[in-house]
Amino acid sequence: GLVYQTLQERKIQGIKSFALLIDPDNVTPESLDRLLDRAIEAGVDFYFVGGSLVVTDGLDACVLQIKARTDKPVVLFPGSPSQLSRHADALLYLSLISGRNPELLIGQHVISAPFVKKSGLDIMPTGYMVIDGGAPTTVSYISNAAPIPHDKADIALCTALAGEMLGMRLIYLDAGSGALRPVSTAMIGAVARHIDVPLIVGGGIRDGARAAAACAAGADVVVVGNAIEKDPELLNEIASAIHGVNVA
Ligand code: 1GP
């Protein structure tokens with residue numbers, strides 16, 4: 001698919017990407033409009049939509065509103081299989097490979113497969129890895145699966161390698177939304193050095209310094225949600241930090 005190709009090309013060229021995570025439950029049409037003004041100006045590369053446990057009914061509207069404003073890819077980041085919108089461009093087809101809960105590895109995929117197939121989205125198989133972010137986040141509770149300990153870069157590395165060999169086209173290291181500690185640069189580096197597929201990193205990144213550090217360590221895409229929801233002024237700082245790594 002086109003979105004995956006973009007991710008792959010950017011990785012090969014060493015171009016770092018900023019993905020803004022928008023939770024449809026946390027925006028109104030007005031607040032989203034203001035956020036998009038800033039995001040477009042700051043140069044956000046990808047719009048990730050989802051992340052919340054229950055998306056009420058604003059998913060399609062949220063995706064359409066973003067699509068109406070920008071040509072940048074809109075990528076679904078579903079908290080559950082029901083969170084699909086055919087108006088998006090692509091889907092992070094997540095398998096929770098850091099956990100040992102069969103439902104999140106394959107069970108929910110089986111149930112939603114015909115629906116996903118029909119969506120026409122660019123389906124991007126993603127090895128999703130939850131890393132301990134220092135606080136119990138929604139994802140670690142709901143998934144009923146232990147996160148990878150913060151300092152176990154070797155476990156993360158082996159998990160990512162296995163995911164890649166199983167055919168995952170992306171690896172996503174997530175400390176969880178609002179994590180106290182983002183994924184360590186040591187862990188990002190260990191994983192990045194050994195995999196060839198694009199690496200997405202998110203969770204608890206709340207300033208330009210942390211975003212740049214993740215990129216310098218080897219992240220290809222940095223995802224920021226919470227911090228920008230709280231303070232949209234951060235958009236410029238984080239965008240320039242991520243894009244600044246390109247020239248360095
Ligand atoms: C969470 O990786 C994302 O799944 C982003 O996390 O909301 O903490 O930026 P934040």
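Student: Which residues are buried in helix H8?
Tutor: This is a predicted model: local features need pLDDT of at least 70, side-chain atom pairs count only at pLDDT 80 or more, and totals for chains, interfaces and linings use all residues. Numbering starts from 1 along each chain as its sequence is written. Helices (H or I, at least four residues) and strands (E, at least two) are DSSP runs numbered from the N terminus, and a residue is buried if 20 or more other C-beta atoms, placed from the backbone, lie within 10 Å of its own, exposed if 12 or fewer, and partly exposed in between. In H8, residues 208-217, the buried ones are Arg210, Ala211, Ala212, Ala214, Cys215 and Ala217.

Student: Why does alanine 217 count as buried?
Tutor: Alanine 217 sits in helix H8. The test is a count of C-beta neighbours inside 10 Å. Alanine 217 counts as buried because that number is 21.

Student: Which residues does alanine 217 touch, leaving out those up to four places away in sequence?
Tutor: Contact means C-beta atoms, placed from the backbone, within 7 Å. By that test alanine 217 touches Thr185, Ile188, Gly189 and Ala192.

Student: What covers the buried residues of helix H7?
Tutor: H7 spans residues 185-194. Its buried residues are Met187, Ile188, Ala190, Val191 and Ala192. Their cover includes helix H6 (153-165), strand S6 (170-174), S7 and H8.

Student: Why do the buried residues of H3 line one face of the helix?
Tutor: In H3, residues 59-69, Leu59, Cys62, Val63 and Ile66 are buried. The arc is taken from the directions from the helix axis to the C-beta atoms. Seen down the axis, the buried residues line one face because they fall within an arc of 95 degrees.

Student: Which elements do those buried residues of H3 pack against?
Tutor: The packing involves both strands and a helix. The partners are strand S1 (17-22), helix H2 (29-42), strand S2 (46-50) and strand S3 (74-77).

Student: In what sense do S1 and S8 pair, parallel or antiparallel?
Tutor: Two strands pair if DSSP finds at least two bridges between them. S1 and S8 have 4. Leucine 20 has valine 224 of S8 as its bridge partner. The sense of the S1 and S8 pairing is parallel.

Student: Which residues of S8 are buried on its two faces?
Tutor: Both faces of S8 are covered. One side carries Val221 and Val223, and the other carries Val222 and Val224.

Student: Which residues touch the most other members of the largest nonpolar core?
Tutor: A nonpolar core is a set of buried Ala, Val, Leu, Ile, Met, Phe, Trp, Tyr and Cys residues joined through C-beta atoms within 7 Å. The largest holds 82 residues. Helix H10 (residues 234-247) gives the most to this core, with 7. The members that touch the most others are Leu20, Met129, Ile171, Leu173, Val191 and Val222.

Student: Which of the residues around the ligand come nearest?
Tutor: A residue is near a molecule or strand if its C-beta atom, placed from the backbone, lies within 6 Å of it. The shell around the ligand has 15 residues. Strand S8 (221-224) and helix H9 (226-230) are the elements that give two or more residues to that shell. The nearest are Ser177, Gly202, Gly203, Gly225 and Asn226.

Definitions and conventions: Contact = placed C-beta atoms within 7 Å.
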